[in-house]
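Q: Please zoom in on one side chain for me. I'd like to know where it sits and what surrounds it.

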Amino acid sequence: MMRRRFNPLIFVLLLAGVLGPLIGWIVWTEHHPDLEREFRMTVQERLEIWFPEAMSLPPELVGFLPRDGSEGDGPPDVVLIHGLDEPGGIWDELVPRLGDAGLVSWEFRYPNDQAIDLSADLLAERWEALDPGRSVVLIGHSMGGLVIRDFVTRWRHPVESGAAVSGPSVAGVILVATPSQGSEWARLRAWLEVREWLADIPEGRFSLWAGLRDGTGVAKIDLRPGSEFLRDLNRRSWPADVPVFVIGGQLTEPTPTIRASLDALSEELEIDDLAVRVEAWWSSTGESLGDGVVPVSSLAFDGAPEPVIVPASHRGLLVRMPLAEQEPPAISLIVGWLRDWTGEHEGEQSSQGKARMPDLH
């Protein structure tokens, strides 16, 4: 029996047949983001019409969800809003601390890579179900902060017109690592989708539809610097009666995990000064590196105070990372501000010099 010889030409042709359309799509989308956005939104709308059951998120992944660890029952004092392709867990260390402060925290979940304005619309749709007599603080991580900004300036407290939705007023907003001017890392959204799938498997939520029912990736277009969504959002004025505080991270030096990886790589490659070289590059990148995902320069927007910058990675602001022993640095800042706002500091200003908010209750 004759063995077939490997034909490199056929292999190249097959590879070109697979990669060619993919490369063409990438090149086209880079030059036509608005058309790509329209296409992705149309796909999502059609799928929701054709396959309504498969495209429906489980109840625990959409809407307001009270969080275990909050102090007591009842309506929320704080609503937490996650970011792009968040698999869950970003609030796990903050929630108990909020409970210790006597605050009830709920989470708002949504299709986490659909168009950002659709997520703000969904928040507005559910907002009227909350107690209108109890004002609420909104805390957003990453893209969740953009959902908050869109909701506040377009729905609940628009400056140029009256409120477009009833329900509780927004007592204040805290934005953690929110890319108000966009992030180039949004182009790598596919890897975040994979991370979310891996988190869904042990929870029994994995589905072949999982990558579609939480959106068709429009959010990654909205998050690109200079996107039409960000241009429109940043043209709107922030309401002066809604205090806002901004927290950002900056990787001033490699994390313990990265250091361990560098040491192993240095030993394997027999490069004695590899870690030194990397740290030199790291320190030279400055604010452009930011938290590794959001540059420091992307945190600011008109109407917001100067961001408070702490040494942390994008998720490390709120989640204890491997080999890290200390509490994530954004948590103590958040809890301290909230205590000021609820009057536990008897009207004195916070350590950051910001004015105290009215009582929430």
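**A close look at R149**

A: Start with a polar contact of 2.9 Å, which links the side chain of R149 to that of N234 (a pair of N or O atoms within 3.5 Å, one able to donate a hydrogen and the other to accept it; residues adjacent in sequence count only if both atoms are side-chain atoms). Bear in mind that this is a predicted model, with local features needing pLDDT of at least 70 and side-chain atom pairs 80 or more, while totals use all residues. Numbering runs from 1 along each chain, and side-chain values use heavy atoms, without hydrogens or water.

R149 belongs to helix α5, which spans residues 143–156. R149 is buried (under 20% relative accessible area, 1.4 Å probe, protein chains only), yet R149 has no salt bridge (a Lys or Arg side-chain nitrogen within 4 Å of an Asp or Glu carboxyl oxygen). Look for the nearest side chain of opposite charge and you land on D302, 8.1 Å away.

So who are the neighbours? Skipping those within four places in sequence, R149 is in contact with L175, S180, L233, N234, R236, W238 and F301, where contact means heavy atoms within 4.5 Å.

Zooming out, the protein has 12 helices and seven strands (DSSP runs: H or I, at least four residues; E, at least two). Buried residues account for 47% of its 361 residues. Among contacts between residues at least 6 apart in sequence, 77% join residues at least 24 apart.

Notes. Buried means under 20% relative accessible area, exposed over 50%, partly exposed in between (1.4 Å probe, protein chains only). Lys and Arg count as positive and Asp and Glu as negative; His and the chain ends are not counted.
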